[in-house]
Amino acid sequence: MTQISKKTKRFSWFRLCILVMAGYFCYLVIAQQTELAKIRRETELVNSRMAEAAEVNNSLIAEKEKLSTAAYIEKIAREQLGLVKPGEVPYIPSK
């Protein structure tokens, strides 16, 4: 007589715990990666804003330095305000 041994599949709490833990760790990894991607995008946005602000700052510093010269002040007064020196005749172009 030969005995045929059948392996019965029993419910294993250990395997269930391992499976749940593996799923939870996968969820954590995916959540962290999406959060890191969001932070990277925000960092790039802030860096680009800082670069734009630095350019504006540099142009304002250059403008400030120009405003300390008498020639530039005279040029601005003539072009924007229409001022003339005493004895000069103002020239108004016809349109």
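Q: Starting with Phe-11, is this residue buried or exposed?
A: Phe-11 counts as exposed, because its relative accessibility is 58%, where exposed means over 50% relative accessible area, buried means under 20%, and partly exposed is anything in between, computed with a 1.4 Å probe and protein chains only. This is a predicted model, in which local features need pLDDT of at least 70 and side-chain atom pairs count only at pLDDT 80 or more, while totals for chains, interfaces and linings use all residues. Residues are numbered from 1 along each chain as its sequence is written, and side-chain values use heavy atoms, with hydrogens and water left out.

Q: Which residues form the nonpolar patch on the surface?
A: The patch is made of Phe-11, Trp-13, Leu-16 and Val-20, which together have about 470 Å² of accessible area. Such areas come from the Shrake-Rupley method with a 1.4 Å probe, and for residues only the protein chains shown count as cover. Patch members need over 30% relative accessible area and no salt bridge, with nonpolar side chains (Val, Leu, Ile, Met, Phe, Trp, Tyr) joined within 5 Å and like charges within 9 Å.

Q: Switching to charges, how many salt bridges does a search of the whole structure find?
A: The search finds three, a salt bridge being a side-chain nitrogen of Lys or Arg within 4 Å of a carboxyl oxygen of Asp or Glu.

Q: What does Glu-74 do with Arg-78?
A: Their side chains meet in a salt bridge at 3.2 Å, N to O, and both residues lie in helix α2 (residues 70-80), four residues apart, which is about one turn of the helix. Glu-74 is partly exposed at a relative accessible area of 33%, and Arg-78 is also partly exposed, at 31%.

Q: What about Glu-88, which residue is its partner?
A: Glu-88 forms a salt bridge with Arg-78, and the closest N and O atoms are 2.9 Å apart. Because Glu-88 is in the segment after α2 and Arg-78 is in helix α2, the pair ties together parts ten residues apart in sequence. Salt bridges that share partners then join Glu-74, Arg-78, Lys-85 and Glu-88 into one network.

Q: Back to the whole protein, how many helices and strands are there?
A: The secondary structure comes to two helices and zero strands. The radius of gyration is 38 Å, well over the 12 Å that the globule rule gives for 95 residues, so the protein is more spread out than a compact globule; the radius is taken over C-alpha atoms, and the rule is 2.2 Å times the number of residues to the power 0.38. Along its principal axes, the C-alpha trace spans about 135 × 35 × 15 Å.

Q: What share of the residues is buried?
A: Buried residues make up 2% of the 95. The protein exposes about 9800 Å², of which carbon and sulfur atoms supply 63%.
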